[in-house]
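This report describes one protein chain, shown below.

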Amino acid sequence: MSRARLFRAAAVVCSSGLAACSCGWLHARDEQIPADTAAAFEAVWTRLSPLLEVGKMSKRGTWDGVTVYSKPGDGKSVFRTGQVVVNVPAKVVADIFWQWDTYKVFDSKSTADSKLLKAEPPRLAWLLSVPKPLISPRDFVVLSRRTESPDGGVLFVNVSMPTAHPATSSVRGDVWSLLKIQPHPEGDKKAKSCLCTYTIEVQPHGWLPMKAVDMAADDMPLALVGLKALAEKSAA
């Protein structure tokens, strides 16, 4: 079967919901993606896609319209999922997330500085976190993939690549995430709004009080606040 036919076949399987399908279709259109990189994306999908179903998580609260959920950590990682409805089509939100100049604007709550290291897909970026009480700055190196589903939705898979950029004076953390942007599931709203679900696993590394880690982890999915505001402003 050709790669194009393989992608179409996998997409049909996924049409009932991104979180319910195999992830081989993520790479069906990529002739050049290395096998180890493909495996890294697939591992993140396998580990985090169940957390896109927020009914399986504990609600921590709602801030500026974004509801944040958590699941118990494993002693190393902290897990959060944020969810919000954005009143513009899914593709508009996805384009703002993917374009580097707009990404730096909406994620300013958790990112103090950033640098695009490689623009062509998969995209490689360096991110410096905003210092929090009791937490010195952490930096992260993230490789990102974008793919589209047949229902008009978009999925981003983001993989930690800590050795892909030289060390800095900050503590190098690890972060992995999924951002699913899908047409809003409620009737007439489907064409003009979308549901954004952002699932994050972070390992900040270094010694930190657990309370401080939890507070910092709550901030990460709140990047959706800025994403929603920027998307809706752009469509006004």
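The model is predicted, and it holds 7 aromatic pairs. One of them joins F97 and F156, whose rings lie 4.6 Å apart from centre to centre with 50° between their planes, a tilted arrangement. F97 belongs to helix α3 (residues 90-98) and F156 to strand β7 (residues 154-160), so this pair links distant parts of the chain, 59 residues apart. Both F97 and F156 are buried.

F156 also pairs with W98, and here the rings are stacked, with 5.7 Å between centres and 25° between planes. Because W98 lies in helix α3 and F156 in strand β7, the pair ties together parts that are 58 residues apart in sequence. W98 is buried, as is F156.

Two arginines sit over aromatic rings. R47 lies over the face of W176, with 5.1 Å to the ring centre.

Strand β2 (residues 66-71) has 5 of its 6 residues buried, so the rest of the structure largely encloses it. On one side of the account is its pairing with strand β1 (residues 58-63), which is antiparallel and runs over 5 bridges. T62 stands opposite T67 of β2. Strand β2 also pairs with strand β3 (residues 78-86), again antiparallel and again through 5 bridges. There, K71 stands opposite F79 of β3. In a regular strand, side chains alternate between the two faces of the sheet.

The β1-β2 hairpin has 2 residues between its strands, and D64 takes a positive phi in it. The β2-β3 hairpin has 6 residues between the strands, and G75 takes a positive phi near 95°. D64 is not a glycine, yet its phi is near 50°. D64 is placed in the loop between β1 and β2, and its relative accessible area of 65% is why it counts as exposed.

**D174 and its surroundings**

Which residues does D174 touch, not counting those up to four places away in sequence? They are F140, S160, P162, E201, V202, Q203 and H205. D174 is found in strand β9 (residues 174-183) and counts as buried because its relative accessibility is 11%, below the 20% limit. The C-alpha atoms of D174 and F140 are separated by 6.1 Å, although the two residues are 34 apart along the chain. The side chain of D174 makes polar contacts with two of the residues it touches, as set out here.

| Side chain | Partner side chain | Polar contact |
|---|---|---|
| D174 | S160 | 2.5 Å |
| D174 | H205 | 2.7 Å |

H205 counts as partly exposed because its relative accessibility is 32%.

**Two further loop sites**

H165 lies in the loop between β7 and β8 (171-172). Is H165 buried or exposed? At 18% relative accessibility, H165 counts as buried. Apart from neighbours within four places in sequence, H165 is in contact with L117, W126, V141 and R172.

The peptide bond from P121 to P122 is cis, with omega near -10°. P122 is found in the loop between β4 (111-118) and β5 (123-129).

**The chain as a whole**

The protein chain has 6 helices and 10 strands. Of its 236 residues, 52% count as buried. Its accessible surface comes to about 11,400 Å², and carbon and sulfur atoms account for 56% of that surface. Among contacts between residues at least 6 apart in sequence, 56% join residues at least 24 apart. The pair of F97 and F156, 59 residues apart, is an example of an aromatic pair that links distant parts of the chain.

Definitions and conventions: Residues are numbered from 1 along each chain as its sequence is written. This is a predicted model: local features need pLDDT of at least 70, side-chain atom pairs count only at pLDDT 80 or more; totals for chains, interfaces and linings use all residues. Side-chain values use heavy atoms; hydrogens and water are left out. Helices (H or I, at least four residues) and strands (E, at least two) are DSSP runs, numbered from the N terminus. Buried means under 20% relative accessible area, exposed over 50%, partly exposed in between (1.4 Å probe, protein chains only). Contact means heavy atoms within 4.5 Å. Accessible areas come from the Shrake-Rupley method with a 1.4 Å probe; for residues, only the protein chains shown count as cover. A polar contact is a pair of N or O atoms within 3.5 Å; within protein, one must be able to donate a hydrogen and the other to accept it, and residues adjacent in sequence count only if both atoms are side-chain atoms. Rings of Phe, Tyr and Trp (its six-membered ring) pair if their centres lie within 6.5 Å; planes under 30 degrees apart count as stacked, over 60 as edge-to-face and the rest as tilted. A charge sits over a ring if NZ of Lys or CZ of Arg is within 6 Å of the ring centre and within 35 degrees of the ring normal. Two strands pair if DSSP finds at least two bridges between them.
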